[in-house]
Amino acid sequence: MRVRAGAAPAAATKVERMTEPTVRFERDHAFASDVDLEEMIADLLHGANRRQLWMLFLGEDDVLLDPIVPCDDYPDDPALTARTDDLGTVTFPTILAHRVASLRELIGFASVVLVWERRGSDLLTPTDIAWSRAMAESAADVGVDLRVQFVLHDRGVRQITPVDDGAAAA
C-alpha cells in the first residue's frame with residue numbers, strides 16, 4: 001500500500017484498533033470462561049474487516065499471552081492439500097496445527113483460541129463449520145489444546161460450539 005507523507009491509510013488496520021480497547025482487562029486477567037473470552041475478543045477486534053484467522057494463546061492460568069497472531073491467505077476449503085518439506089502433502093488444517101504446536105514450544109502456551117474473521121452475519125456458514133471441525137481434529141491429532149473457536153462477523157463475535165456442527169447456514 002502506498003501512503004503519501006502525512007496521509008492516513010485508507011482503512012484502519014486491526015493493529016491500530018487493538019490498541020484502544022473499550023473494555024479494560026487487567027494484563028493478568030484470567031479468562032476462565034468462554035464468555036469472558038468472547039467479550040475480550042469483541043473489545044479487541046470490534047468486527048470483521050476481511051477474511052483472516054486470529055490465534056490467541058492462553059497460559060496455564062488462562063491469562064492471555066503475547067503475541068496475538070493474524071493469519072490470512074488460507075483456502076476456502078480446508079480439505080485442500082499442500083506440500084511442505086517437513087510434513088509432506090497434507091491438508092491446510094494439518095499444516096496450521098503443526099505450526100501452532102511449534103509456537104507452543106516458543107511461547108509456552110497451554111491452549112489456543114481461534115477467531116475466524118469474515119464479513120457477513122452471525123449465521124455460521126458451511127465454510128465456518130468445515131474449518132472449525134478440521135481445526136479441532138487437527139489440533140487434537142498434534143496434542144494442541146484448542147480451547148474454543150469463534151467467528152468474528154460484521155456485528156460482533158459468535159462462539160462456535162459442538163451443537164453448531166449441524167447448524168450451518170445454506
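Which residues are buried in helix 2? The answer comes in the second view below.

**View 1. The whole chain at a glance.** This is a predicted model, in which local features need pLDDT of at least 70 and side-chain atom pairs count only at pLDDT 80 or more, while totals for chains, interfaces and linings use all residues. Residues are numbered from 1 along each chain as its sequence is written, and side-chain values use heavy atoms, with hydrogens and water left out. The protein chain has four helices and seven strands; these are DSSP runs numbered from the N terminus, helices being H or I with at least four residues and strands E with at least two. Along the sequence the pattern reads α-α-β-β-β-β-α-β-α-β-β. Out of 170 residues, 39% count as buried, and here buried means under 20% relative accessible area, exposed over 50%, and partly exposed in between (1.4 Å probe, protein chains only).

**View 2. Helix 2 and its buried side.** The buried residues in this helix are Leu37, Met40, Ile41, Asp43, Leu44 and Leu45. They sit on the same side of helix 2, because the arc they cover around the axis is only 170 degrees (the arc is that of the directions from the helix axis to the C-beta atoms). As a bit of background, an α-helix has 3.6 residues a turn, so residues three or four places apart point the same way. The length checks out too: helix 2 runs over residues 34-45, and its 12 residues should span 16 Å at 1.5 Å a residue, which agrees with end C-alpha atoms 16 Å apart. That expected span is 1.5 Å times one less than the number of residues.

View 3. His46 counts as partly exposed because its relative accessibility is 33%.

**View 4. Strand 1, covered on both faces.** How many residues of strand 1 are buried? Seven of the seven, residues 52-58, so strand 1 is largely enclosed by the rest of the structure. Gln52, Trp54, Leu56 and Leu58 are buried on one side, and Leu53, Met55 and Phe57 are buried on the other. Strand 5 (residues 111-117) pairs with strand 1 in the antiparallel sense over seven bridges; two strands pair if DSSP finds at least two bridges between them. Leu53 has Trp116 of strand 5 as its bridge partner, and Leu58 stands opposite Ser111 in strand 5.

**View 5. The hairpin of strands 1 and 2.** Strand 2 (residues 64-71) runs antiparallel to strand 1 and is joined to it by five bridges. Phe57, for instance, has Leu65 of strand 2 as its bridge partner. Five residues lie between the two strands of this hairpin, and Asp62 in the turn has a positive phi of about 65 degrees. Further along, look for the cis peptide bond from Asp66 to Pro67, with omega near -5 degrees; Pro67 is found in strand 2.

View 6. Asp73 lies in the loop between strand 2 and strand 3. Its phi is near 65 degrees, a positive value in a residue other than glycine. With 73% relative accessibility, Asp73 counts as exposed. Strand 3 (residues 81-84) and strand 4 (residues 88-91) run antiparallel and are joined by four bridges, forming a hairpin with three residues between them. Arg83 has Thr89 of strand 4 as its bridge partner.

**View 7. Helix 3 against helix 4.** Helix 3 (residues 92-107) packs on helix 4 (residues 126-141) at an angle of about 50 degrees, with the axes 9 Å apart. That makes the two helices oblique to each other: angles under 35 degrees count as roughly parallel, over 145 as roughly antiparallel, 65 to 115 as roughly perpendicular and the rest as oblique. Axes are lines fitted to C-alpha atoms, for helices over the stretch in contact, and angles run from 0 to 180 degrees between N-to-C directions.
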